[in-house]
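Hi everyone, thanks for coming. Today I'd like to walk you through one structure, a piece at a time. Have a look at the picture first.

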Amino acid sequence: WLTGVDGHSSAYFLKIGLCMNMRSLPWYVPANPHSFFPRCYGLCSEGEKQEFLDDFRRTAASSILKWVVSHHNYSKNKSRAKKEENDEETSQNKAKDPQSNADEKKLIDLPGQLIEVACKVCEDYLGQLEHNDIDVSAESLKTLSEAEWKELVQQYYDLIHGDACISSSKSYLSQCQSILNKIMSVNPQSEIDGMRNIWILKPGAKSRGRDIVCMDRVEEIMKLVTPDNIPSKDNKWVVQKYIETPLLIYDTKFDIRQWFLVTDWNPLTIWFYKESYLRFSTQRFSLDSLDSSIHLCNNSIQKHFKNAKDRSPLLPCYNMWTSTKFQEYLKRRGQGHIWHNIIYPSMKKAITHTMKVAQDHVEARKNSFELYGADFILSKDFKPWLIEINSSPTMFPSTPVTAQLCAQVQEDTIKVVVDRKTDRNCDIGNFELLWRQPAVELPPFSGPNLFVEGFNIQKGRRHMTPITNISLRSPLPPYRSEEDLSVPDCLRFCECGYGFCSGCIYFFK
């Protein structure tokens, strides 16, 4: 008998479960979860809230350094463009440029000390990663007070989101670049962090994008998850770092829905589907607005919006592509190898790692299976980032793409879980075996039997020690005093007052 639900598997793949358990990945496989899963925190405990707050502050500090580098790279490129363009083109660009000289005069000038503090925060962070803080006292580790942190974050807001600049930033350029290079060498998520410190806030147990919001202000995030604003039963929020540098198609964001099938948890057996589909946003990508219509690609969200008029006409009106269509797009751009060399194998590796961690949390039941839907975002370097895994993914034929693929994946699932039971060489459609855990057999034991046989010794009532072959009517052996005995440890005393030494034949009284 086959059932479509594995024991307790859906509980593990709730957003809060995936967030918490991915941290255990290094105990199962030699891999860093931060290399394919954007870091996240469960805001249902004070400890997790503090860790998120520390992360937000560190990211703000590194973003200040990124601003310094990007600001001067922008200025350098702008000066080159001015030399190459004629006076008329230069004036037009200057009018369109948000950082033109006319605008810069209106900006608030922040002190260079802000960069110094940000550099110190980043250097302390690098020192912690290298465990240089082990022999340092707690007092010296505390870099900033709470008031100083709030001042740094507020100045960061003014610099990135407001009308401010740092006129003396050029003198810190080399120092900032050096620190950023070190951070990039140890933090695989440095590139996707961007500069705006945007995070996605998700309810821990909801699907189809319900109540998901993007935020870039830490105080607003903390306020939203306070018990005063939400019922205690719903106080399981997950905050995950938003990928600020996604790969865009025709200036529009998209994600990938990838199916995979688990037919056994012991031994773990995973099947990967060769075909997937892309889901596009209805609006052009921009970080200036955090609206869901721009950043959340779920069809359950995008179906409520109309496609933007300025969006590329090369995108389908129903906002979906098959992965085959995406591969054709890459080939036209001279990047046809990207899918088979980077994207596809990286998604397979991420799924394998995640399932190995999940194995200990799922009740293994024979003759059961589960079809999952994993959501990936591609960064600018085509690297897939696992966002979440959905149990019981929707099979509703909402578009021509899902009408074809959803019916196909259901038919192929039956081929794997039913037909293959009787015929190992049967057609399994677009599924391929991704991972089958090797069967581990106990080695035969050829040594001696290591067990002990015997019976319990029961404590009985104290009685007189029997004296064998001695008659009290017969003459007693010669009497010796207790001082004459050379082995007093072996004395036995009778109730009658006579003593007997097992090391000799003499008696005493």
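Predicted model: local features only at pLDDT ≥ 70, side-chain atom pairs only at ≥ 80, totals over all residues.

Which residues of H16 are the buried ones? They are Val 401, Thr 402, Leu 405, Cys 406, Val 409, Asp 412, Thr 413, Lys 415, Val 416, Val 417 and Arg 420. Lys 415 comes up again, as H16 bends by about 30° there. As for its length, H16 covers residues 400-422, 23 residues in total. From first C-alpha to last it reaches 34 Å, close to the 33 Å expected at 1.5 Å a residue.

Now for a pair of helices. H14 (residues 323-332) and H15 (residues 337-358) pack with their axes 8 Å apart, at an angle of about 120°. Angles of 65 to 115 degrees would count as roughly perpendicular and those over 145 as roughly antiparallel, so H14 and H15 are oblique to each other. Who makes the contact? On the H14 side we find Ser 323, Phe 326, Gln 327 and Leu 330, and on the H15 side Ile 338, Trp 339, His 340 and Ile 343. Of these contact residues, 5 are nonpolar, 3 are polar and none is charged.

Finally, let's step back to the chain. It has 16 helices and 16 strands, and 45% of its 509 residues count as buried. Among contacts between residues at least 6 apart in sequence, 70% join residues at least 24 apart.

Definitions and conventions:
Residues numbered from 1 in each chain as written. Heavy atoms only, no water. Helix = DSSP H or I, 4+ residues; strand = E, 2+ residues; numbered from the N terminus. Expected span 1.5 Å × (residues − 1). Bend = angle between axes of the 7 residues up to and from the residue. Buried < 20%, exposed > 50% of the residue type's maximum accessible area, 1.4 Å probe, protein only. Axes fitted to C-alpha atoms, helices over the stretch in contact; angles between N-to-C directions. Parallel < 35°, antiparallel > 145°, perpendicular 65-115°, else oblique. Contact = heavy atoms within 4.5 Å. Nonpolar A, V, L, I, M, F, W, Y, C, P; charged D, E, K, R; others polar.
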